[in-house]
Amino acid sequence: MQSALELPIELMAGIISGSTSRWRSYAALILGRFLMILVANWVGLLPGVGTIGITHVDEAGHEAVIPIVRPASADLNFTLGLAIVAFVMFVYWGVRAHGGWGYLKELMGQPLYMAPLMLPINLISEFSRLISLSMRLFGNIFAGEVLIATMLALTTAVVFVLPLAFFVPAVFLGLELLFGLVQALVFALLAMTYISVAIAEQSAGHDNDHGEADVAHADDPHAAGAAPA
Amino acid sequence: MDSNLAAGLAIGLGAIGPGIGLGLGVSKAMEALGRNPEAAGAIFVPYILGLALTEAIGIYALVIGLLLMFT
């Protein structure tokens, strides 16, 4: 039991400690984020979550069930909050590693005369991380909920002809268990990669600009390699 | 009613590109894994990251679809 619970933590800890040499400073944030999203994803698969609620009738006479307990990741407010925290985290680490002016210089690109073109592009790409982080988690978990509900409705309609309703949704439930794990992993990995990129971006062209930031992680062979878009 | 059609078209057409991209990415990763099974640990993290970043394109189509449906 204990080893089963420690399995995701060990997986994540192995990935984090393999990323950069400064992993200790943000490991707790990433690990906590990972476990929180994992639980939030899997809670939605429990029976009764999102289905037991108070029936509410509006003026037009439409009935709608307002659930008492809703799956957290299928709500955009939750994922957007998580993404905003991740955004603040990687901007904070970037500013802390480069200084405010150094971070601005990163946004303006390498030849300075290209800055009017590069600055908006880089700003948009920074903010699109916010949108893609939150919408990815929300979209996947919400689509999973809808998928299971649709499968259940389709198979229950023919349950007296073919007793598929006992098997088909179970397959998708298993699939959603896997997706919940993968999405939690993806969110934590992307947040970690954004932070390590923000810390380690400056090494290429202008080494002399920021003194102490370079000394802190000059011996960091993985930092430049772990950079995605 | 028009926006329902537009939302369906947005997510349907928008899923083509990421579908092809994910297929290419997974096929290349499996190829690499078949040639060099010991590299599984080294491939895993860039693989997941690449899939997540490819999938983001599909997520943008989903955003447009949701915007069309609910606003």
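Analyst: In α5(A), Arg129(A), Leu133(A), Leu137(A), Asn140(A), Ile141(A), Gly144(A), Leu147(A), Ile148(A), Met151(A), Leu152(A) and Thr155(A) meet a set of residues in α6(A): Val168(A), Pro169(A), Phe172(A), Leu173(A), Glu176(A), Phe179(A), Gln183(A), Phe187(A), Leu190(A) and Tyr194(A). By class, this contact of α5(A) with α6(A) has 15 nonpolar, 4 polar and 2 charged residues. Nonpolar means Ala, Val, Leu, Ile, Met, Phe, Trp, Tyr, Cys and Pro; charged means Asp, Glu, Lys and Arg; the others, Gly among them, are polar. Two residues are in contact if their C-beta atoms, placed from the backbone, lie within 7 Å.

User: What kind of model is this, and how are things numbered?
Analyst: This is a predicted model: local features need pLDDT of at least 70, side-chain atom pairs count only at pLDDT 80 or more, and totals for chains, interfaces and linings use all residues. Residues are numbered from 1 along each chain as its sequence is written, while chains are lettered from A and ligands numbered from 1 in the order in which they are written.

User: At what angle do the axes of α5(A) and α6(A) cross?
Analyst: Roughly 175°, and the axes come within 10 Å. Axes are lines fitted to C-alpha atoms, for helices over the stretch in contact, and angles run from 0 to 180 degrees between N-to-C directions.

User: So are α5(A) and α6(A) roughly parallel or antiparallel to each other?
Analyst: Roughly antiparallel. Angles over 145 degrees get that label; under 35 is roughly parallel, 65 to 115 roughly perpendicular, and the rest oblique.

User: How many helices and strands does chain A have?
Analyst: Chain A has 7 helices and 2 strands. From the N terminus on, the order is α-α-β-β-α-α-α-α-α. Helices (H or I, at least four residues) and strands (E, at least two) are DSSP runs, numbered from the N terminus.

User: How do the strands pair?
Analyst: Strand β1 (residues 53–57) of chain A and β2(A) pair in the antiparallel sense over 5 bridges. Two strands pair if DSSP finds at least two bridges between them. Gly53(A) stands opposite Pro67(A) in β2(A). His56(A) has Ala64(A) in β2(A) as its bridge partner.

User: What share of chain A is buried?
Analyst: Of its 229 residues, 27% count as buried.

User: Give me a buried example. Why does Val186(A) count as buried?
Analyst: Val186(A) counts as buried because 23 C-beta neighbours lie inside 10 Å. Val186(A) lies in helix α6 (residues 168–200) of chain A. Leaving out residues up to four places away in sequence, Val186(A) touches Ile48(B) and Ala52(B).

User: How many residues of each chain take part in the contact between A and B?
Analyst: There are 10 residues from chain B and 12 residues from chain A. On chain B, the side touching chain A has 9 nonpolar, no polar and 1 charged residues.

User: Switching to chain B. What does Ser3(B) touch?
Analyst: Leu68(B) and Met69(B), leaving aside neighbours within four places in sequence. Ser3(B) lies in helix α1 (residues 2–14) of chain B. With 14 C-beta neighbours inside 10 Å, Ser3(B) counts as partly exposed. Ser3(B) and Phe70(B) are 67 residues apart in sequence, and their C-alpha atoms are 9.3 Å apart.

User: What about confidence?
Analyst: pLDDT is the predictor's confidence in each residue, from 0 to 100. The mean is 76 for chain A, where 84% of residues reach 70 or more. For chain B the mean is 87, and 99% of residues reach 70 or more. The model scores ipTM 0.71 and pTM 0.74.

User: Where in chain A does pLDDT stay under 50?
Analyst: Over residues 204–229, for which the model has 34 contacts beyond four places in sequence.

Conventions. Buried ≥ 20, exposed ≤ 12 C-beta atoms within 10 Å, placed from the backbone.
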